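The questions and answers that follow walk through one protein chain, from its overall build to single residues. Please keep the sequence and the coordinates at hand while reading.

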Amino acid sequence: TTNSVSDKPVGFGTLDQNNALVFLYSTSLKVYTLQPKIGTKNLAFQRTMDTVNDVIQVNFEEFVLIGNNSVTRFNYSSGLFTEIANNLINPVVCFDELSEELLIGSGSELFRYNYYSGNLLYSARVNGTIKSLAVRYNK
């Protein structure tokens, strides 16, 4: 399969030591499996989505897809796309590996979701606009 001229790379991932993933977006999301050692590229998934601007890899098969107004969970093994949150304003996202929670900033609102259940655990409004999120731990 060839890429459209307008396909924009929005993320990369790894499945194992032999397989990488590239996520491309124009009017739909395309996920290609790459095998660099033997030089193959195969279209694994294609899905019409509003937008995808960034991808966060959670583990070897789970990815978070970040759009202009939504955040979606993607499981490569099952091919399942699950919307976690919508009606967002240019969301910024961070995955907390320790608690397995997804933090989402949207405008002046902060949301905390259980990543695997998708349940909203907490929300708060802050002064100003949330520009980025990061999880930090003390030793």
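Contact, as the word is used here, means heavy atoms within 4.5 Å. The model is a predicted one.

Q: With which residues is T72 in contact, leaving aside its neighbours within four places in sequence?
A: T72 lies in strand β7, and at 5% relative accessibility it counts as buried. Once the neighbours within four places in sequence are left aside, the residues in contact with T72 are M49, F63, V64, L65, F81, T82, E83 and I84.

Q: What radius of gyration does the chain have, and why does the value agree with a compact globule?
A: The C-alpha atoms, taken along the principal axes, fill a box of roughly 50 × 35 × 25 Å. For 139 residues a compact globule would have a radius of gyration near 14 Å, and the value of the chain agrees with this, being 16 Å.

Q: How many aromatic pairs does the structure hold, and which kind of pair do F23 and F74 form?
A: The structure holds 10 aromatic pairs. In the pair of F23 and F74 the ring centres are 6.3 Å apart and the planes stand at 90°, and because planes over 60 degrees apart count as edge-to-face, the pair of F23 and F74 is edge-to-face.

Q: How many residues apart in sequence are the parts that the pair of F23 and F74 ties together?
A: F23 is buried, with a relative accessible area of 0%, and F74 is likewise buried, with a relative accessible area of 0%. F23 belongs to strand β2 (residues 20-25) and F74 to strand β7 (residues 71-75), so the pair ties together parts whose separation in sequence is 51 residues.

Q: Which kind of aromatic pair do F63 and F74 form?
A: Both F63 and F74 are buried. F63 is in strand β6 (residues 62-66) and F74 in strand β7, 11 residues apart, and the pair links distant parts of the chain. With 6.3 Å from centre to centre and 35° between the planes, the pair of F63 and F74 is tilted.

Q: Which residues do ring pairs link into a cluster?
A: F74 takes part in a pair with F23 and in a pair with F63. Ring pairs extend this set into a cluster that consists of F23, F45, F63, F74, Y76 and F81.

Q: Over the ring of which residue does the charged end of K41 sit?
A: The charged end of K41 is 4.8 Å from the centre of the ring in question. That ring belongs to Y32.

Q: Which residue of β6 is the bridge partner of Q57?
A: Strand β5 (residues 54-57) and β6 run antiparallel and are joined by four bridges, and the two strands form a hairpin with four residues between them. In β6, the bridge partner of Q57 is F63.

Q: Is N90 buried or exposed?
A: N90 lies in the loop between β8 (80-85) and β9 (92-96), and its phi is near 40°, a positive value in a residue other than glycine. With a relative accessible area of 55%, N90 is exposed.

Q: What is the relative accessible area of E100?
A: E100 is placed in the loop between β9 and β10 (101-106), and although E100 is not a glycine, its phi is positive at about 55°. E100 counts as partly exposed, and its relative accessible area is 38%.

Q: What distance separates the C-alpha atoms of S108 and V52?
A: S108 is found in the loop between β10 and β11 (109-114), where its contacts, leaving aside neighbours within four places in sequence, are with A124, R125, V126, G128 and I130. S108 and V52 are 56 residues apart along the chain, and their C-alpha atoms are separated by 21 Å.

How values were computed:
Residues numbered from 1 in each chain as written. Predicted model: local features only at pLDDT ≥ 70, side-chain atom pairs only at ≥ 80, totals over all residues. Heavy atoms only, no water. Phe/Tyr/Trp six-rings, centres within 6.5 Å; stacked < 30°, edge-to-face > 60°. Buried < 20%, exposed > 50% of the residue type's maximum accessible area, 1.4 Å probe, protein only. Lys NZ or Arg CZ within 6 Å of the ring centre and 35° of its normal. Rg over C-alpha atoms; globule rule 2.2 N^0.38 Å. Pairing = 2+ DSSP bridges.
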